[in-house]
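Here is a model to go through with a student.

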Amino acid sequence: MNFTTNEQLILASSSPRRKELLQMINIPFTIVTSDVVETSVKANTVQQYVTEVALLKTRDVAKKCPNKCIIGADTIVVFNDQILHKPTSKEEAIQHLTQLVGNRHEVMTAVAIILADGTEHTFVERTAVVFKQVSPQMIEAYVQTGDPFDKAGGYGIQTSGAMLVDRIEGDYNNVVGLPIASLVQKMLTLQLLKLTF
């Protein structure tokens with residue numbers, strides 16, 4: 001599959017994982033990161049929260065890069081209606097992961113697209129993840145690697161955190177941080193991309 005675009009696309013994210021996923025569609029884009037404080041967002045539901053954070057980041061980059069198409073995203077891990085943010089300490093990482101052991105949780109990624117004319121579009125992708133019954137020693141060993149600290153929920157499914165996962169229901173790439181299949185469909189619908197043969 002080949003795609004073309006007439007847009008100047010900007011990814012509003014410093015995430016190397018999102019960069020790699022967007023590179024899969026082989027179209028040019030540049031990266032400009034936002035300077036917003038995500039925890040400043042207040043919302044009534046987790047879906048509203050993740051959408052508002054994605055919009056906050058994308059709007060910030062849109063101000064820096066007028067008349068360009070900006071794509072931003074935010075990913076959260078939700079367990080028992082509570083958001084498990086990126087852990088800030090070893091103790092918090094262990095606490096997050098211990099809650100998830102043997103249980104099902106949800107990973108939600110909100111994607112925000114701001115067109116060159118300022119029009120905003122958003123969608124939220126959900127994937128269910130079930131953790132294995134792993135030992136406290138395995139959790140501690142994983143936390144010792146340092147991998148959990150820049151990841152929502154305290155684990156990376158694309159790294160050694162995969163050892164904790166029993167199964168997923170939904171888009172794997174959504175758990176990594178960008179639901180690329182749904183994003184491509186949205187971009188085709190908005191005529192930001194054209195499929196070529």
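Predicted model: local features only at pLDDT ≥ 70, side-chain atom pairs only at ≥ 80, totals over all residues.

Tutor: Residues are numbered from 1 along each chain as its sequence is written, and side-chain values use heavy atoms, with hydrogens and water left out.

Student: Why is N173 called buried?

Tutor: Buried means under 20% relative accessible area with a 1.4 Å probe and protein chains only. N173 has 18% relative accessibility, so N173 counts as buried.

Student: What is N173 in contact with, leaving aside neighbours within four places in sequence?

Tutor: Contact means heavy atoms within 4.5 Å. On that basis N173 touches L21, L178, P179 and I180.

Student: What makes a set of residues a nonpolar core?

Tutor: The members are buried Ala, Val, Leu, Ile, Met, Phe, Trp, Tyr and Cys residues, joined through side-chain atoms within 4.5 Å. The largest such core here has 43 residues, and I113, Y155, L183 and M187 have the most contacts inside it. A second, separate core of 11 residues includes Y49, I76, M108 and A110.

Student: How are the residues lining the largest pocket divided?

Tutor: There are 14 nonpolar, 11 polar and eight charged residues in that lining. Asp, Glu, Lys and Arg count as charged.

How values were computed
Buried < 20%, exposed > 50% of the residue type's maximum accessible area, 1.4 Å probe, protein only.
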